[in-house]
Amino acid sequence: MRISVIGCGYLGSVHAAAMAWLGHEVVGVDIDPAKVELLAAGRAPFYEPGLDDLLGRGLADGRLSFTTEIGRVHDAAVHFVCVGTPQAPGSLAADLSALDLAAQALIPHLRPGALVVGKSTVPVGTARPLAAGLADVGAHLIWNPEFLREGHSVHDTLAPDRIVYGLGRPWPGSLYDGTDVDGIGGWGGEAAADVLDQVYADLLAAGSPRLKMSYESAELVKASANSYLALRVSFINAISDLADAAGADVFDVAAALRLDQRIGRLFLEPGLGFGGGCLPKDLHSLIAQAEQLDAPLTKSLLSAADQINVARRARVVELTQRALDGPVAGSRVAVLGLAFKPHSSDVRNSQSILVAEALAAAGAEVAATDPAALPSARAAHPALNYAETVADAVRGADVVLVATEWPEYRELDPAQVASWTDARQVVDARGVLDRAAWTAAGWTVLTPGRPA
Ligand code: UGA
């Protein structure tokens, strides 16, 4: 099928490449010429395993192209809208201006009967008025939220856990009352769903479950998925604080919790908390929506998770101070890890960066490093002091802080690290070091939620 992808950031560039891999003819559109140039040369504008390969294949087959010209989408039957919806400055709510601009730019180029598929993360209530505007030009809208994780986005796009279709008409069992059912171009949702089924035919055949629901439900699925993941992380970090106060070990507690099938294994890693371009802003957006929808208890539940996450940074700064056994000001701190999680170069809302900045603000001389995120960290946070290698960061440090749990940091040889510095204190903010090995090599390991 002929497909366009509007917005080629983390989501859109992977989606475009994946759709070409499925055999479709895809044009990706972005307003940033530098990004388009990189993508057209087969290079991902960020670190994402497998994406360069997928881009290269699509470009070589001639099925994939990138452009800044929105007019190039005119012969596509299906248009995926993948623009960013970041947190608005000075507010918890999402900034939908890129989505509005994309819709306005797209509408003049839509052929009658075209299908627009919204993938951006939006507050509940966004899709329905957009659908009405598209219906005016004979186009149809499905809201099809994306659940891909950075670092696994190729896999998550080609083998999703579930595919959600938010449709204009109410679905049996949905609570939506059906107002304006036939106002959406008279096409309802079914014919549109059939078209999207063709796009995703291979994924559906491979067994990814597809759920149909109202626009509002689909919007809420995405917001609640990310917020629930945030709640889980904050929950185990709240238990980490209790463990600290009670002399228990949160890692033992988490290991036992994970074996309860009702609780599940994932998103119970205690430590420095969650960051990135999605969980924090989507949690904030849902807090703003709860306020707007007059759900005060929902708002306080979500707000507590947010506050617990913010407090993780102060907790790690406090541990660093304890490790120094003296003032932070004037000390030298090696910070290992800047990305918001391993296998990513993304430093948006990275807890690791925020801790490094807090230490620098307290007067520490910080030397921070990362295997993949140094260029993006340098660009976004030019005032921090960076080191190219672990050895460079650690040399002369008074304390070592492991902030992002890259495998290369887990596997560091404590004896070798000890050869670069006289410091023998390491703050293991994510609880990933082999404590026995580090202790045997003469180090004191301080971890949130774990007795020293
Ligand atoms: C997240 C969701 O996992 C995806 O499903 C979603 O599609 C995506 O946001 C999005 O909305 O686009 P991502 O931002 O790539 O994906 O990151 P996650 O893997 O979810 O990790 C988020 C943060 O939580 C990281 O900072 C990670 O270090 C932290 N985390 C995760 C913990 O602190 N503890 C855990 O147990 C798990």
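Colleague: Which strand does Thr67 lie in?

Modeller: Thr67 lies in strand 3 (residues 64-67); strands are DSSP runs of E, at least two residues long, and helices are runs of H or I, at least four, each numbered from the N terminus. This is a predicted model, in which local features need pLDDT of at least 70 and side-chain atom pairs count only at pLDDT 80 or more, while totals for chains, interfaces and linings use all residues. Residues are numbered from 1 along each chain as its sequence is written, and side-chain values use heavy atoms, with hydrogens and water left out.

Colleague: Why is Thr67 called buried?

Modeller: The relative accessible area of Thr67 is 7%. Buried means under 20%, exposed over 50%, and partly exposed in between (1.4 Å probe, protein chains only), so Thr67 is buried.

Colleague: What does Thr67 touch, leaving out residues up to four places away in sequence?

Modeller: Thr67 touches Val27, Gly28, Val29, Asp30, Val36 and Arg72, where contact means heavy atoms within 4.5 Å. A polar atom of the Thr67 side chain also lies 2.9 Å from the backbone nitrogen of Glu69. A polar contact is a pair of N or O atoms within 3.5 Å, in which, within protein, one must be able to donate a hydrogen and the other to accept it; residues adjacent in sequence count only if both atoms are side-chain atoms.

Colleague: Let's move to Arg2. What makes Arg2 and Glu25 a salt bridge?

Modeller: The closest N and O atoms of Arg2 and Glu25 are 3.3 Å apart. A salt bridge is a side-chain nitrogen of Lys or Arg within 4 Å of a carboxyl oxygen of Asp or Glu, so the pair qualifies. Arg2 sits in strand 1 (residues 2-6) and Glu25 in strand 2 (residues 25-29), so the bridge ties together parts 23 residues apart in sequence. Arg2, Glu25 and Asp75 are linked in a network of salt bridges, and the whole structure holds 23 salt bridges.

Colleague: Is Arg2 buried or partly exposed?

Modeller: Arg2 has a relative accessible area of 40%, and is therefore partly exposed. Glu25, at 40%, counts as partly exposed too.

Colleague: Where do Arg57 and Asp53 lie?

Modeller: Both are in helix 3 (residues 51-61), 4 residues apart, about one turn of the helix.

Colleague: Why does Tyr409 count as buried?

Modeller: Tyr409 has a relative accessible area of 3%, so it belongs to the buried class. Tyr409 is in helix 16 (residues 407-410). Beyond its neighbours within four places in sequence, Tyr409 is in contact with several residues, among them Leu336, Gly337, Thr369 and Leu433. Tyr409 and Gly337 are 72 residues apart along the chain, yet their C-alpha atoms are separated by 8.3 Å.

Colleague: What is the accessibility of Thr369?

Modeller: Thr369, in strand 10 (residues 365-369), has 1% relative accessibility and so counts as buried. A polar atom of its side chain lies 3.4 Å from the backbone oxygen of Glu388.

Colleague: Which domains does the chain have?

Modeller: The assignment gives domain 1 (2-208), domain 2 (223-307) and domain 3 (312-446); such bounds come from an automatic or database domain assignment.

Colleague: How many residues of domain 2 are in contact with domain 3?

Modeller: 15 residues of domain 2 contact 17 residues of domain 3. The area buried between these two domains is about 1200 Å², with carbon and sulfur atoms giving 48%; buried area is the accessible area (1.4 Å probe) that two parts lose on being put together, summed over both. Domain 2 and domain 3 share 2 salt bridges. Asp244 forms a salt bridge with Arg315, with the closest N and O atoms 2.8 Å apart.
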